[in-house]
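This briefing describes the contacts between chains and selected local features of one structure. Please view the sequence and the model alongside the text.

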Amino acid sequence: MNILSFGTRAVIAHKLRASKDYLGTVFAETFLSPVAYLFALGVGLGSLIDANGQTINGIGYLQFVAPALVCSTAMLTVAGELMWPILGGFRWNKIFEAMFATPISPAEIVRGTLFFASIRGMAATVVYTVVVWAFGGWVSFESALWCIFFSLLLALSFGICCLCLSAKVEQDSILTLFYRFIVMPLFLFSGTFFSLDTLPIYLQPIGWLSPLWHATQSTRALSYWPEQAWLAPISIIYLLLIFTVFYLASVRIFTRRLTK
Amino acid sequence: MSAIIPGLSSMYAGNAGSVISRGVRATKSTNFWIVISGFFEPVFYLLSMGIGLGALVGEVESSGKLVPYAAFIAPALLAVSGMNGAIYDSTMNVFFKLNYGKIYQTMLTTPLGPLDVALGEIFLALLRGGLYATGFLGVMQLFGLNLSWTAILAIPAVIIIAFGFASIGMGITSYMTRFQQLDLIQFFLLPMFLFSATFYPLSVYPEGVQVFIQALPLWHGVELIRALTLGTFSAGHLWHLLYFVVMIVVGLIFTSRRLKKLFQD
Amino acid sequence: MPNPVISAKSLVKKFKDFEAVKGIDFEVEPGESFGLLGPNGAGKSTTMRMIGAVSNRTSGDLEILGMDPSVDGPKIRAQLGVVPQADNLDQELKVWENLYVYGRYFGIDKKIVKDRLEGLLDFAQLKDKRNEKIDDLSGGMKRRLTIARGLMNEPKIFLLDEPTTGLDPQARHILWDRLFRLREQGTTLVLTTHYMDEAEQLADRLIVVDKGQIMAEGSPAALIRQYSSREVAEVRFGSDSNRSAADALSGVGDRIEVLPDRILIYANNGEEILSEVHRRGLVPITSLVRRSSLEDVFLKLTGRSLID
Ligand SMILES: Nc1ncnc2c1ncn2[C@@H]1O[C@H](COP(=O)(O)OP(=O)(O)OP(=O)(O)O)[C@@H](O)[C@H]1O
Ligand SMILES: [Mg+2]
């Protein structure tokens with residue numbers, strides 16, 4: 001199987017062309033939102049926390065929060081790209097139907113849309129990483145690279161979950177509920193803004209299941225806390241497992257829905 | 001009435017009520033759960049930021065009073081939820097009705113005028129905002145974050161804040177022709193959300209930045225509500241209210257003019 | 001003579017620099033059935049929207065029921081029934097709710113709205129679909145619902161912009177029947193259509209509009225008399241040879257119109273023309289003789305076939 005076959009590339013090319021019109025907005029967003037977040041959380045909130053004499057496991061707040069902000073951007077970007085647009089592709093503009101009428105296969109459509117979303121997610125990630133660097137949020141170059149690597153794994157694995165769900169549902173209200181009750185809590189409770197062990201013990205499993213927590217925490221472990229580095233291989237396997245399961249499911253769902 | 005405001009008779013049929021009841025009906029049959037779920041968003045934020053971050057931040061000073069971090073950000077989140085609710089209703093929702101649903105076009109073939117439509121839609125946004133505010137205030141009470149009886153006044157205050165944002169938001173939305181342009185709105189809201197003394201006092205900023213933030217509406221909303229729930233309200237806080245009154249009047253005039261132009265040209 | 005219910009003088013509508021309606025004059029008498037014909041983009045819908053008091057005119061005078069739409073929009077619209085060219089039903093509401101809510105926009109009492117709604121559902125043949133979502137209706141059902149909705153306020157003037165596009169023949173006849181009865185009750189009708197048989201059936205008087213201007217005005221019969229001969233001979237030679245056949249036919253009949261697929265020869269006596277065609281040694285693949293219709297008037301006036 002050629003994962004970047006002609007059909008896959010055609011789908012990516014189509015998505016790129018369709019998004020050319022709003023490139024300006026996308027770019028501004030990709031750039032401004034990290035600046036705003038880092039300023040508010042890293043600098044503003046960080047100053048309160050530092051003044052309170054607190055560190056997280058010996059790490060300043062800016063360094064602590066930076067990997068989480070980068071990874072969650074990757075996650076939220078692919079979610080935005082792979083939820084409503086997917087449902088819309090089936091229901092509103094019927095773009096998948098149109099693609100399927102050509103020699104492009106369902107698996108190619110799945111890969112094409114996923115890769116396109118990941119490209120967007122990674123563009124945002126890289127910009128974010130650079131902004132973090134400007135704020136002095138990385139302790140080392142490797143640390144930034146680890147963060148990009150885990151963001152990519154996260155984008156692919158979480159992205160395919162969103163794609164799978166959105167290909168399955170008929171109504172956009174389900175997506176809104178998914179976003180509010182799954183995506184947002186993941187963003188807020190995955191050890192993003194504070195260490196997971198601050199939460200009551202019964203809430204901590206949310207974090208262990210969360211792809212975002214795995215990506216963030218592994219980056220932190222590899223960058224700051226070598227004694228926790230064992231987490232990284234586990235996280236990689238976990239994320240790849242999610243990816244495989246949901247990829248296979250997505251192809252099946254796409255095939256079924258398109259040939260209905 | 002039309003003698004006072006020229007052209008009013010062509011814009012207003014005095015039947016905004018039918019626009020409101022249409023909204024309630026549509027919500028009942030299609031977006032009931034969405035509306036309910038909207039209540040949880042600020043609650044999640046409160047749990048995450050207030051409890052999780054509270055442990056790191058400790059106590060914060062506001063109007064000369066030392067308060068727990070959760071009590072400091074809860075009123076800010078309340079103000080933000082008022083803003084977001086109003087913005088959602090007056091932008092996403094209005095945009096859809098304007099460009100895809102053609103719902104306003106239909107309304108305007110009946111005696112309804114642009115002002116009926118604007119008032120009706122804004123009232124709906126406020127109704128929703130008011131419900132969220134009440135629910136959130138209940139959650140705050142549960143966590144012991146309301147430090148004074150004046151907290152109850154936060155409900156009308158949130159409604160006024162929402163009114164200000166909704167009346168302007170609708171007019172702005174009417175300029176948008178494509179979905180992606182709506183992101184521009186988020187683009188202004190995000191920094192406002194992050195910087196308006198929501199998560200930490202304004203005093204961490206240099207003087208110049210402080211003045212800039214004080215010109216933005218959300219800061220006024222946050223200060224007003226915070227004073228009410230922490231019990232530090234005084235006559236000095238009334239000018240925040242005045243800010244919103246001006247915003248409402250300007251917004252209404254702007255929006256109904258826009259709608260008239262949009263539909264009747 | 002009673003006052004006209006609609007009176008337009010030098011009515012102009014501009015979109016930015018583009019003049020969609022270029023100064024047209026017409027009047028519609030109470031109880032009259034008035035038709036607008038014209039090719040795509042002629043300015044029919046634009047005119048209808050100005051009459052409907054939803055679109056402001058750029059210049060000229062317009063009076064609806066004695067009022068100026070740019071001043072008394074709401075008062076005028078209260079008396080109008082509107083069927084726009086594109087259905088604009090409320091997707092978020094069910095079938096019956098669409099009628100109910102629409103009635104409430106007019107400020108009509110709840111009980112009265114509920115009463116009328118039943119009759120209108122009946123008329124639209126949607127009684128068994130009353131609780132469906134709009135998305136789940138067929139195209140023609142949506143059209144019927146839009147038409148029924150326009151009658152909710154028992155209008156004095158009923159504006160219909162291509163009402164029967166997408167309707168099956170049965171639904172079309174039900175609508176015609178309803179329109180006849182409305183006219184008997186004194187409702188004024190203003191309609192546009194691309195079906196010439198419909199215009200002949202429904203309109204007492206017509207204007208033919210092209211590029212924003214009025215090309216002709218009169219009753220269907222008068223227009224046919226004025227702009228066409230009594231009969232038409234239609235001959236086909238196959239798409240490739242029509243042109244050359246037309247050259248060979250020059251001088252036959254009063255006028256020849258060459259369409260992509262056939263040639264129309266206008267004359268008082270069609271059979272005589274066919275004989276003349278054969279006499280010139282031409283053998284059409286098919287041929288027929290018919291009476292002149294509005295379609296011929298349309299072709300003559302606008303110089304192109306009906307549906308571009
Ligand atoms: N809102 C608008 N903005 C710009 N141009 C417009 C607008 N509405 C109509 N036009 C233009 O005005 C002209 C007349 O349009 P109109 O819709 O009135 O045509 P019509 O006679 O109803 O045609 P059809 O038979 O296709 O319905 C067209 O050239 C159209 O492009
Ligand atoms: Mg038209």
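In this predicted model, C:E97 forms a salt bridge with B:R25, the closest N and O atoms lying 3.3 Å apart; a salt bridge here is a side-chain nitrogen of Lys or Arg within 4 Å of a carboxyl oxygen of Asp or Glu. Across the interface of chain B and chain C the rule finds three salt bridges.

Because the model is predicted, local features need pLDDT of at least 70 and side-chain atom pairs count only at pLDDT 80 or more, while totals for chains, interfaces and linings use all residues; side-chain values use heavy atoms, with hydrogens and water left out. Residues are numbered from 1 along each chain as its sequence is written, and chains are lettered from A and ligands numbered from 1 in the order in which they are written.

**Interface of chain B and chain C**

- Chain B contributes 29 residues to the contact and chain C contributes 30, where contact means heavy atoms within 4.5 Å.
- The size of an interface is often given as the accessible area lost when the parts come together.
- Between chain B and chain C the buried area is about 2400 Å², of which carbon and sulfur atoms give 51%; buried area is the accessible area (1.4 Å probe) that two parts lose on being put together, summed over both.
- Ten residue pairs between chain B and chain C are in polar contact, both residues being at pLDDT 80 or more. A polar contact is a pair of N or O atoms within 3.5 Å; within protein, one must be able to donate a hydrogen and the other to accept it, and residues adjacent in sequence count only if both atoms are side-chain atoms.
- On the side of chain B that touches chain C, two or more residues come from each of α1 (16-38), α3 (69-101), α4 (103-107) and α10 (238-264) of chain B. Helices (H or I, at least four residues) and strands (E, at least two) are DSSP runs, numbered from the N terminus.
- The largest share of that side, seven residues, is supplied by α1(B).
- By class, the side of chain B that touches chain C has nine nonpolar, 14 polar and six charged residues. Ala, Val, Leu, Ile, Met, Phe, Trp, Tyr, Cys and Pro count as nonpolar, Asp, Glu, Lys and Arg as charged, and the others, Gly among them, as polar.

**Interface of chain A and chain B**

- Chain A and chain B each place 33 residues in the contact.
- These two chains bury about 3100 Å² between them, with 78% of it on carbon and sulfur atoms.
- One salt bridge is found across this interface: B:E41 pairs with A:R180, and the closest N and O atoms are 3.4 Å apart.
- Six residue pairs between chain A and chain B are in polar contact.
- α2 (23-51) and α8 (172-189) of chain A each supply at least two residues of the side of chain A that touches chain B, and α2(A) gives the most, with 14 residues.
- The residues of this side of chain A divide into 21 nonpolar, nine polar and three charged.

**Aromatic pairs**

- Over all chains the count comes to 31 aromatic pairs. Rings of Phe, Tyr and Trp (its six-membered ring) pair if their centres lie within 6.5 Å; planes under 30 degrees apart count as stacked, over 60 as edge-to-face and the rest as tilted.
- C:Y102 and C:Y105 form an edge-to-face pair, at 6.3 Å centre to centre with 65 degrees between the planes.
- Both tyrosines lie in helix α3 (residues 95-105) of chain C, three residues apart, about one turn of the helix.
- C:Y102 is buried at 2% relative accessible area, and C:Y105 is buried at 4%. Buried means under 20% relative accessible area, exposed over 50%, and partly exposed in between (1.4 Å probe, protein chains only).
- A cluster linked by ring pairs comprises A:F181, A:F189, B:F39, B:F40 and B:F44.

**Chain C and backbone features**

- Chain C has eleven helices and 13 strands, and 54% of its 308 residues are buried.
- Helix α11 (residues 294-302) of chain C is largely enclosed by the rest of the structure, because seven of its nine residues are buried; among them are C:F298 and C:L299.
- C:G303, which follows α11(C), has a positive phi near 65 degrees.
- Most residues other than glycine have a negative phi.
- C:K211, although not a glycine, has a positive phi of about 50 degrees. C:K211 is found in the loop between β8 (205-210) and β9 (213-218) of chain C and counts as exposed, at 52% relative accessibility.
- A:N57 also has a positive phi, near 55 degrees, and is found in the loop between α2 and α3 (61-82) of chain A.
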